[in-house]
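I opened my notebook to look up how side chains meet in one protein. Here is the structure I worked from.

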Amino acid sequence: MCRHELSDAEWEFVRPLLPVSSRGRRRLDDRTVLNGIVWKFRTGTAWRDVPERYGSWHTLHTRFRRWALDGTFDRMLRTAQARADAAGEIDWLVSVDSTVVRAHQHAAGARKGGSAAPALGRSRGGLTTKIHLVCDAFGRPLAFVLTGGNTNDCTQFTTVMEAIRVPRTGPGRPRVRPTHVLGDKGYSSRAIRTWLRRRGISHTIPERADQVRNRLRRGSRGGRPPAFDKQLYKHRNTVERCFNRLKQWRGIATRYDKTAESYQAAVTLASLLMWA
């Protein structure tokens, strides 16, 4: 089987999560369609260039957009996370960070208006999108948020943390609170530390150099330095490895999609397969 398609193990993992079609007419089977979608984003090719063995490119694009807009990919990811949590396979020592993705010129030009933000920002590097992501201790995405590439990391910290919602397989509220958070100096702010402390979430976030100087300058009024565990902080590289795995998909490493919904669905699909 082509390395850009789903393996048998991945298909057996994904198949029960797909929605059951109620359409009466015969249609292209889901495995062929999903293989075509995966091939498109793993190679970063255009929809029209997807090989004919996956069926009509128009069929692939139509079903992908339908699943993206009706929340199918999101529900599949939540279900996979819920199963892992029920089996005790999630380590809630989480890491948070962001990565910048260069947007191809084809990603520009989407229709203006509507409530959906394009998640594109312009800087000296051109058009970019930023993925703000939090993952578990095994480097599997728990939640992510898309913004323009010129968005500061700390402004999206609470947004991405509040996006964590791992449902229970039985009764009970979704799991939304990790046990410990690891973040780099970009998340070192009084507001973030206060937000975490009020929710009873311990954290390991190093201080920035300017914050250390200001605290020392104030003497006793500067207060005590925040607790910092160097050994625990070494585990923060899991989020970097998570981004490395996501960017093995060329259609994610470079954004070609005009709409944020399509690009978010692609990242969700890649995240889903990391739970397989």
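**Ground rules**

I am working with a predicted model, where local features need pLDDT of at least 70, side-chain atom pairs count only at pLDDT 80 or more, and totals for chains, interfaces and linings use all residues. Residues are numbered from 1 along each chain as its sequence is written, and side-chain values use heavy atoms, with hydrogens and water left out.

**Entry 1: aromatic rings**

I noted that a pair of aromatic rings is described by the distance of the centres and the angle of the planes. My rule was that rings of Phe, Tyr and Trp (its six-membered ring) pair if their centres lie within 6.5 Å; planes under 30 degrees apart are stacked, over 60 edge-to-face, and the rest tilted.

How many aromatic pairs does the structure hold? I found nine. Phenylalanine 64 and phenylalanine 73 make a tilted pair, because their ring centres are 5.7 Å apart and their planes are at 45°. I then looked up whether these two are buried (under 20% relative accessible area), exposed (over 50%) or partly exposed (in between), using a 1.4 Å probe and protein chains only. Phenylalanine 64 is buried at 0% relative accessible area, and phenylalanine 73 is buried at 2%.

Next I looked at phenylalanine 157 and tryptophan 195, which pair edge-to-face with 5.9 Å between centres and 85° between planes.

**Entry 2: around helix H6**

Which residues of H6 are buried? They are Ile192, Arg193, Thr194, Trp195 and Leu196. I checked what these buried residues pack against, and wrote down H5, strand S5 (180-182) and strand S6 (202-204). Just after H6, glycine 200 has a positive phi of about 70°.

**Entry 3: charges over rings**

Here a charge sits over a ring if NZ of Lys or CZ of Arg is within 6 Å of the ring centre and within 35 degrees of the ring normal. Lysine 40 lies over the face of phenylalanine 41, 4.9 Å from the ring centre. Arginine 175 has its charged end over the ring of tryptophan 92, at 4.2 Å from the centre.

**Entry 4: salt bridges**

I counted a salt bridge when a side-chain nitrogen of Lys or Arg is within 4 Å of a carboxyl oxygen of Asp or Glu. My search of the whole structure gave 13.

Arginine 42 and glutamate 10 form one of them, at 3.7 Å from N to O. Arginine 42 is in helix H2 (residues 30-43) and glutamate 10 in helix H1 (residues 8-14), 32 residues apart. Both arginine 42 and glutamate 10 are buried.

Glutamate 12 and arginine 15 form a salt bridge at 3.0 Å, N to O. Are they buried or exposed? Glutamate 12 is partly exposed at 46% relative accessible area, and arginine 15 is partly exposed at 42%.

Arginine 168 bridges to aspartate 85, with the closest N and O atoms 3.7 Å apart. Arginine 168 lies in the loop between H5 and S5 and aspartate 85 in helix H4 (residues 72-86), so the pair ties together parts 83 residues apart in sequence. Arginine 168 is partly exposed at 39%, while aspartate 85 counts as buried at 16%.

**Entry 5: cysteines**

A disulfide is a covalent bond between the sulfur atoms of two cysteines; my cut-off was sulfur atoms within 2.5 Å. My search found zero disulfides. Cysteine 242 is buried at 1%.

**Entry 6: the nonpolar core**

I took a nonpolar core to be a set of buried Ala, Val, Leu, Ile, Met, Phe, Trp, Tyr and Cys residues joined through side-chain atoms within 4.5 Å. The largest one has 68 residues, and Ile131, Leu133, Val134, Phe157 and Leu272 touch the most other members. Helix H11 (residues 260-273) gives the largest share of this core, nine residues.

Last, I listed contacts (heavy atoms within 4.5 Å). Leaving aside neighbours within four places in sequence, leucine 133 touches residues including Pro141, Phe144, Val160, Cys242 and Leu246.

Notes. Helices (H or I, at least four residues) and strands (E, at least two) are DSSP runs, numbered from the N terminus.
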